[in-house]
Amino acid sequence: MEQYFIGLMLSFGANTESGVAVLDRNNELILLDKLFTMQDVQHFFENFSSLKNSQVCISLPWDNSMLNGKWRILSKPYQLVASSENFHNVNDWTQRYSSRGVDYFNTLKEQGVNINRFEIYLTRQALKLDSYFKERSPADCKALQSALKIKYGFHYLPSNMMPMAQLEAIVGAILAKKIGDNINAGKASEKPLFTFNTIPVIRG
């Protein structure tokens, strides 16, 4: 039985902060922190003593690679990438999600750690935590913080605005706890949306 539920909001690069949150079985937030480099992420997992007794959910970071001029020319017809024969995936330019950290996460999975991935915007919709504001704007950040307080009982969150990465990490931890609770209750596991580098992606 899992005792801890870890949510990691992974950014697309070391220049942008990632967030990590850990919940216990009583829905108490026992850790909330910022991470930047993959070395920080590895240091966290390697020093978390109850990792084998935890359920982990890691977000899929968007691939924000710079695209060359050819992309702008090809994009003018506004055709769907998946259904158009004119688009060829050269240098992974049609790749939506970044492969940052996938080798390390696969290593953790091989060591017996329970890991799932999640797409933050789909998970927010599934958990009724989405808003009508622009994604990751100050208004969206405040709406998510208020929703976590009201809908999921995190009344101890501060009144001042928290970093968005940490709030989204809490969303990942909520999803991890939901997965763990379903397993402990003997319920059928949720069907993954798809698999990203051998790890299933769960909506919530």
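1. The largest nonpolar core has 29 residues, and Leu 148 and Ile 170 have the most contacts inside it. A nonpolar core is a set of buried Ala, Val, Leu, Ile, Met, Phe, Trp, Tyr and Cys residues joined through side-chain atoms within 4.5 Å. Buried means under 20% relative accessible area (1.4 Å probe, protein chains only). H6 gives the most to this core, with 10 residues.

2. This is a predicted model: local features need pLDDT of at least 70, side-chain atom pairs count only at pLDDT 80 or more, and totals for chains, interfaces and linings use all residues. Residues are numbered from 1 along each chain as its sequence is written, and side-chain values use heavy atoms, without hydrogens and water.

3. Another core lies apart from the one above. This core has 20 residues, including Phe 44, Phe 45, Phe 105 and Ile 199.

4. Look next at two helices (DSSP runs of H or I, at least four residues). H5 covers residues 138-152 and H6 covers residues 164-184. They pack at about 35 degrees, with axes 10 Å apart. Axes are lines fitted to C-alpha atoms over the stretch in contact, and angles run from 0 to 180 degrees between N-to-C directions.

5. Which residues of H5 make the contact? They are Asp 140, Cys 141, Leu 144, Gln 145, Leu 148 and Tyr 152. Contact means heavy atoms within 4.5 Å. H6 brings Met 164, Leu 167, Glu 168, Ile 170, Val 171 and Ile 174.

6. Of the 204 residues of the protein chain, 43% count as buried.

Definitions and conventions. Buried means under 20% relative accessible area, exposed over 50%, partly exposed in between (1.4 Å probe, protein chains only).
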